[in-house]
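Dear colleague,

I am handing over the structure below, and after it you will find what was found in it. Please read the notes with the structure open beside them.

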Amino acid sequence: LKDHRVDCDVHVQHFVSPVWTPGAEPRLSLKGGAQVDYIYGTDFRVMRYGGARPASIRDAGLAIVEDACSATEARGHVADRVAVVQESKKCTLFEQAFLLEQLGARAVVFVRAARFRSPSNARVRLVDWKEGDPLMTVPVLSVTHSVGQVLRSLARDARVSVESQGRIELARTFNVLCVGRQGDKQSTLVVGAHLDSVAGGPGINDNGSGAATTLEILLTLSRIAFVPQNRLVFAWWGAEEDGLLGSRHFARVLAHGWRNRWSDEERVDVSWQDIALNLNFDMLASPNYIALVHNGTDAPQDARVGSQRIQRVFEDYFVRHDYAYKVTDMLAGSDFVPFVDNGVPAGGVLTGAGEIKSIEDRMEHGGLADAPLDTCYHRDCDTVLNINLVALHKMSKAAMHAVSTLSSASDLRGFLAGKSELLLFADFAPNNTPYKPLIAAADGSNFTYESLRDRVPHILTDVINDLYHAIASHSAADSQPAVIEEGKQLVGELSKLKHEMVTNKPLTPLLDDGCGDISTWNSWLEKYFASATWYSAPFLAWEPYMYRRIVTIFRRSTYWSQYDFFATKKESTFRASMVAVAKLCSRVDTLTKESLAAQGNQTKLHLAFVEMLHASLWGNQTDLSMFPDLSSERLEEMQARISSGENNSKIVSNDTDKIWAIVSNLKGGRIDIVLDNSGFELLQDVLLAHWLVALGYASKVVFHPKRVPWYVSDVTNADFHWLVDSAESPELIGDKGMSADDEAALKSLGRTWKALLASGVWELKDELFWTGPYGYRFLPTEGKDVWENELIKSDLVIFKGDLNYRKLIYDLEWPVDTPFVEAIGPIASDPRAPAIVALRTSKCDTITGVSKERAAELFGIQKNWMYSGEYGVIQLSPGRWK
């Protein structure tokens, strides 16, 4: 740990453990007329910790004890005899045996109940043993019920002989603790696994798998500089196989102030009151495994609710990944016990020990029926060959999920008490959200209703009109009649779509257009919105559905399949503002050169970054799905406000400085930009990328456009290349009115951008997920290829615009002060997550990360501030940059 420079203080916590060694095979014989030599393991056993030193007892008399929990009943007739007693639940085995020893018994023989076929190998010792507590001195044996009956029947005249080589030695052993330096101390998580194995085997599954997983979690979190909201303490317990002695020692010292000879020099900066919960990982790679989650309901009353909550977090992982799992008891047997017994909630995962897998479990979980989950449990074959790597992969990720989720919770104590919620994936579905989704109000009072009644039908009308003009152009050019006829059919399908919308018909399955995502769309529709109509479905369901359905109408055609029905509007708006475009490019060209000259001057670089980032934000105002009639004059007014910084007072949630703290520490990093609008907004995004690469903060920028025409003005691959071509050769689209200097700067930047694309420093990746039905909290599952292969490789991902923001947080009636990090859920809590930045001008009535006071002030100024497009947010989830 110290060699890896982990972000925690390492402690070794010593304690004494009694070590039991059975020695040579013991003997038990009976003389009662004839001599009977009993078979070890079949008829009898010496119980663990049953005798501190070797003993040889010859021809001792027998004393039958009916109640060894009562000194009165046993006194007077056990001295110098071998006491025979039926196992009792009135007191512990140790209490019975120790009492009989105190009364003078030379050995103790426990008789098993008739239902057991073999003698017991149980531990005869105080459960919570500590240094100074008594141990058994005389031998303690267990015999089968039938042997016990013989002993009882012959007790008056028979003599018994016992040979035992067992011994108990006291050994100094230890726990290893790694106490985190960051996070809320009063909400500490203790993450533990036992470090020992049984004497009879190497213990690679039990519990090398749990100990290694715990270590790897710590090393991974340290490697990515993860900063928890709540402090983490990692623990590797000693002497678990000897009765949880290491974790019991930890609890005894912290919860009850117990001290031993090493306590003064081994002080640990943890108090029991600070511990919010314990996570326990014991056996995570059983060969014939079942993914098991501890049942929090089994915890004592004062730890039950919190333990049930922890159980939900683990179940969340298995639900998220569609893995089969089973709930198992949490009654005894591992290091969670000292925690729940002292009122601290606990939970964990495991894969099973010697339990036999049933046929039903085999059908659900795979593997072999009628076979142990771990054939080598507590045996010498528990080696590296005994590890199931599939199980280890699943369970270690479940462990990491729980650690990262719970350590990132903003109100961990409230969650464990049932007073607040974590937005767990298992509780979240498109049709089952923690807050009410945005649905068209029956009284027509909300923006969703306004969009469905007026704004979106207007967009469909524009598409139909654009297609009419295209058909007319083909007619004038004397094109093939089939092209014209098919165009008219498409107009009919678009009109049908518009009619279904305005008359509130059901959302119908999409027809396959060959893009590769229709099965995803239709399974989503069937699973979550099978009976939904346009006015009953959430805003974030029907609106993307409409755009995807428009695409299918065109893509399934013969002659119009590649037609971009939004292209004319996108290009004409950009053409109309080329003078302003050239001025902006000239300004950024100058700013970039000034920034390069100011290398080392962090104040100047910070100011330059603020200008670039804010320009990228406010470029999002040029959204043709919100402002379909945007004139060139209005566009130039918007551009002027952006350039002047006039809009910056309208940033209602602003993490710019936190983002700069990450960017300024990048040296040749990777930055991804999930694009929104083409034209002027895309230009601002490209200019930001230009500045980041020129200054050396990024050596790779990956742009994520849409693969199909989307939301009127969203960027496609073709739009991106058209903008770069237009910058390099503005005369192709009309360069009248530009100054010579501005035009030269524009052309120079265009050439630079082409070179960056050609070299691979800039790259376009138009994954289908961005035009799919799922919100971005589902990226780790429904968009796994994008998440695993692209985004987690990035240092910082910028999500541009209103729709991307809505898909990040989901279109819900969030309390406005909900932290942005909480709202985006799994993509924030994944410890591998990149920094996630949202740049959004608000055009829909959902928002997070705004104080209640600020929201109230804004509602007083402008009732529609959330969807006017005049206010913006710059929000950060720091991901692994925490």
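Tyr810, which comes directly after helix α25, has a positive phi, near 75°; helices here are DSSP runs of H or I with at least four residues, strands are runs of E with at least two, and both are numbered from the N terminus. Helix α25 itself spans residues 801–809 and is mostly covered, since nine of its nine residues are buried, where buried means under 20% relative accessible area, exposed means over 50%, and partly exposed lies in between (1.4 Å probe, protein chains only). Among the buried residues of α25 are Asp802, Tyr805 and Arg806.

Please keep in mind that this is a predicted model, in which local features need pLDDT of at least 70 and side-chain atom pairs count only at pLDDT 80 or more, while totals for chains, interfaces and linings use all residues. Residues are numbered from 1 along each chain as its sequence is written, and side-chain values use heavy atoms, with hydrogens and water left out.

Asp589 and Lys593 meet with N and O 3.2 Å apart, and both lie in helix α16 (residues 578–597), four residues apart, about one turn of the helix. An α-helix has 3.6 residues a turn, so residues three or four places apart point the same way. Asp589 counts as buried because its relative accessibility is 15%, whereas Lys593, at 53%, is exposed. Asp269 pairs with Arg231 at 3.9 Å between the closest N and O atoms, and this pair links distant parts of the chain, with Asp269 in the loop between α5 (245–256) and β14 (275–281) and Arg231 in strand β13 (residues 230–237), 38 residues apart. Arg231 is buried at 1% relative accessibility, while Asp269 is partly exposed at 48%. Asp133 and Lys130 form a salt bridge as well, their closest N and O atoms being 3.5 Å apart.

Rings of Phe, Tyr and Trp (its six-membered ring) pair if their centres lie within 6.5 Å, and planes under 30 degrees apart count as stacked, over 60 as edge-to-face and the rest as tilted. The whole structure holds 48 aromatic pairs. One of them joins Phe769 and Trp770, whose ring centres are 5.8 Å apart with planes at 80°, so this pair is edge-to-face; both residues are buried.

Tyr545 also takes part in a helix packing. Among the residues that meet there are Trp521 and Trp524 in α13, and Tyr545 and Arg548 in α14, contact being heavy atoms within 4.5 Å.

With kind regards

Technical notes
Salt bridge = Lys/Arg side-chain N within 4 Å of Asp/Glu carboxyl O.
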